[in-house]
Amino acid sequence: MSDLQTAHLALRRPRLSHVPALFRFLGNPDAMRHTHVDLTLRDCRRRIAVHERFRRRDGCAPWTVAEKASGGIIGWGGLYHDPFDRRWGVEVGYAFHPDVWGRGYATELVTASLKLADEVLALPEVWAFAQPDNAGSRRVLEKTGFAEIRFVPEMGRILYRREGVA
């Protein structure tokens, strides 16, 4: 999966040099309150490295997301297999710096990810999760064609599914 451009975003393969900028939000407990927070720069570096190993094997992993206008790193996300729980298949996930929440960037990233899922990877389905109180993320998933499947009690999250176009 190569780098991509959208209307407002540059989606790039993560590099170790991106880790400090990514850690500004991936290590921020408030920004990551709905998912896993990295406690240290080392944890953030490890997250990136694990997903990059899976990119080579699976053909997909999250990108570093930069705002085209400023060039600044503002997010991380895309298609991936969860390295720690692969039973769900390919998922889409995202995290953004709180300074850019509400600008439509998550929807733009998910839309680009689903285009890749359909046109390049030919995936039969893509999965996603959102906590019940994460209204913004739930809205993004619904706008991009995901259907709510069920609440997964052991995860405390709602499971979403989006069928591929065959």
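P124 touches E163 and G164 when residues up to four places away in sequence are not counted, a contact being defined as heavy atoms within 4.5 Å. The C-alpha atoms of P124 and G164 lie 4.6 Å apart in space, although the two residues are 40 residues apart in sequence. This is a predicted model, in which local features need pLDDT of at least 70 and side-chain atom pairs count only at pLDDT 80 or more, while totals for chains, interfaces and linings use all residues. Residues are numbered from 1 along each chain as its sequence is written, and side-chain values use heavy atoms, with hydrogens and water left out.

P124 belongs to the loop between helix 3 and strand 6, where helices (H or I, at least four residues) and strands (E, at least two) are DSSP runs numbered from the N terminus. With a relative accessible area of 62%, P124 is exposed; here buried means under 20% relative accessible area, exposed over 50%, and partly exposed in between, for a 1.4 Å probe and protein chains only. A122 is placed in the loop between helix 3 (105-119) and strand 6 as well, and at 60% relative accessibility A122 also counts as exposed. Most residues other than glycine have a negative phi.

Strand 6 pairs with strand 8 (residues 157-163) in the antiparallel sense over six bridges, pairing being assigned if DSSP finds at least two bridges between two strands. Within this pairing, V126 has R162 in strand 8 as its bridge partner.

Strand 3 (residues 63-67) is likewise mostly covered, and five of its five residues are buried. In a regular strand the side chains alternate between the two faces of the sheet. In strand 3, W63, V65 and E67 point one way and T64 and A66 the other way, and all are buried. Strand 3 has antiparallel pairings with strand 2 (residues 9-12), over four bridges, and with strand 4 (residues 73-81), over four bridges. In the former, L11 stands opposite V65, and in the latter T64 stands opposite W76. Strand 3 and strand 4 form a hairpin with five residues between them, and G71 in the turn has a positive phi of about 80°.

Two packed helices are described by the angle between their axes and the distance between the axes. Helix 1 (residues 19-26) and helix 2 (residues 41-58) pack at an angle of about 105°, with their axes 9 Å apart; axes are lines fitted to C-alpha atoms, for helices over the stretch in contact, and angles run from 0 to 180 degrees between N-to-C directions. Helix 1 is therefore roughly perpendicular to helix 2, a description used for angles of 65 to 115 degrees. V19, P20, L22, F23 and L26 in helix 1 meet L41, C44, R45, R47 and I48 in helix 2. The residues of this contact divide into eight nonpolar, no polar and two charged, with Ala, Val, Leu, Ile, Met, Phe, Trp, Tyr, Cys and Pro counted as nonpolar, Asp, Glu, Lys and Arg as charged, and the others, Gly among them, as polar.

Helix 2 also holds R55, which is buried, with a relative accessible area of 3%. The side chain of R55 reaches the backbone oxygen of A61 at 3.3 Å.

Technical notes:
Parallel < 35°, antiparallel > 145°, perpendicular 65-115°, else oblique. Polar contact = N/O pair within 3.5 Å; in protein donor to acceptor, adjacent residues only side chain to side chain.
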